[in-house]
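This briefing is meant to be read beside the sequence and the 3D view. Please keep both at hand while working through the points below.

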Amino acid sequence: MAWLVLVLSGLLETAWAIALDRSAGFTRPLPSAVFAVTLVGSMAGLAYALRDIPVGTGYAVWVGIGAVGTALVGMLALGEPVNLPRVACLLLVVAGVIGLKLFG
């Protein structure tokens, strides 16, 4: 259960990062509210997961999911550049997250 919560919390990290960008420095109410709700949910889920998962592994997996998810949303939906080096770097992050799950 802790791993499922950790993955969901990582996805919420992606949501709050995108909402933060869309909030335009907290000048837009709806994205600002989405940011606040998803941030609290993400942190609460991380805290719950860390009761059973070592902090180094859990935090790295959480950040990895959030970083890769945010980069993918940026590339697929927000017009950020997509090129081989960026995709290769994201794959390295994914490989690291999988490795931490397998060996942590």
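This is a predicted model: local features need pLDDT of at least 70, side-chain atom pairs count only at pLDDT 80 or more; totals for chains, interfaces and linings use all residues.

Which residue lies over the face of Trp3? Lys101 does, at 4.7 Å from the ring centre.

**Annotated spans**

- The unreviewed UniProt entry lists residues 33-50, 59-78 and 84-103 under "transmembrane region".
- In the model, residues 59-78 are 95% helix and 0% strand.
- Residues 84-103 are 100% helix and 0% strand, with 28 Å between the end C-alpha atoms.

**Aromatic rings**

- Three aromatic pairs are present in the structure. One of them joins Trp16 and Phe35 in an edge-to-face arrangement, with 5.9 Å from centre to centre and 80 degrees between the planes.
- This pair links distant parts of the chain, since Trp16 belongs to helix α1 and Phe35 to helix α2, 19 residues apart. Both Trp16 and Phe35 are buried.
- Tyr59 and Trp62 also form an aromatic pair, and this one is tilted: the centres are 5.6 Å apart and the planes are 35 degrees apart.
- Tyr59 and Trp62 are three residues apart in helix α3 (residues 55-77), so about one helical turn separates them.
- The two partners differ in exposure by the cut-offs used, under 20% for buried and over 50% for exposed. Trp62 has a relative accessibility of 3% and therefore counts as buried, whereas Tyr59, with a relative accessible area of 46%, is partly exposed.
- Trp16, Phe26 and Phe35 form one aromatic cluster.

**Charged pairs**

- Side chains of opposite charge can pair when their charged atoms come close.
- A search of the whole structure finds two salt bridges.
- Arg22 counts as partly exposed because its relative accessibility is 37%.
- Arg86 and Glu80 form a salt bridge as well, with 3.6 Å between the closest N and O atoms. Arg86 is partly exposed at a relative accessible area of 29%, and Glu80 is partly exposed at 34%.

**The loop between α1 and α2**

- Which residues of this loop have a positive phi without being glycine? Ala24 has a phi near 55 degrees, and Phe26 has a phi of about 65 degrees.
- Ala24 lies in the loop between α1 and α2 (29-49). Phe26 lies in the loop between α1 and α2 too.
- Is Ala24 buried, partly exposed or exposed? With a relative accessibility of 41%, Ala24 counts as partly exposed.
- Phe26 also takes part in the aromatic cluster with Trp16 and Phe35.

**Nonpolar surface patch**

- Met1, Leu4, Val7, Leu8, Leu11 and Tyr48 form a nonpolar patch on the surface. Together these residues have about 590 Å² of accessible area.
- Which helix gives the most to the nonpolar patch? Helix α1 (residues 2-22) does, with four residues. Leu4 is found in helix α1.

Conventions. Residues are numbered from 1 along each chain as its sequence is written. Side-chain values use heavy atoms; hydrogens and water are left out. Patches are made of residues with over 30% relative accessible area and no salt bridge: like charges are joined within 9 Å, nonpolar side chains (Val, Leu, Ile, Met, Phe, Trp, Tyr) within 5 Å. Accessible areas come from the Shrake-Rupley method with a 1.4 Å probe; for residues, only the protein chains shown count as cover. A salt bridge is a side-chain nitrogen of Lys or Arg within 4 Å of a carboxyl oxygen of Asp or Glu. Helices (H or I, at least four residues) and strands (E, at least two) are DSSP runs, numbered from the N terminus. UniProt positions are given in the numbering used here, feature names are shortened, and annotations may be inferred rather than shown by experiment. Buried means under 20% relative accessible area, exposed over 50%, partly exposed in between (1.4 Å probe, protein chains only). Rings of Phe, Tyr and Trp (its six-membered ring) pair if their centres lie within 6.5 Å; planes under 30 degrees apart count as stacked, over 60 as edge-to-face and the rest as tilted. A charge sits over a ring if NZ of Lys or CZ of Arg is within 6 Å of the ring centre and within 35 degrees of the ring normal.
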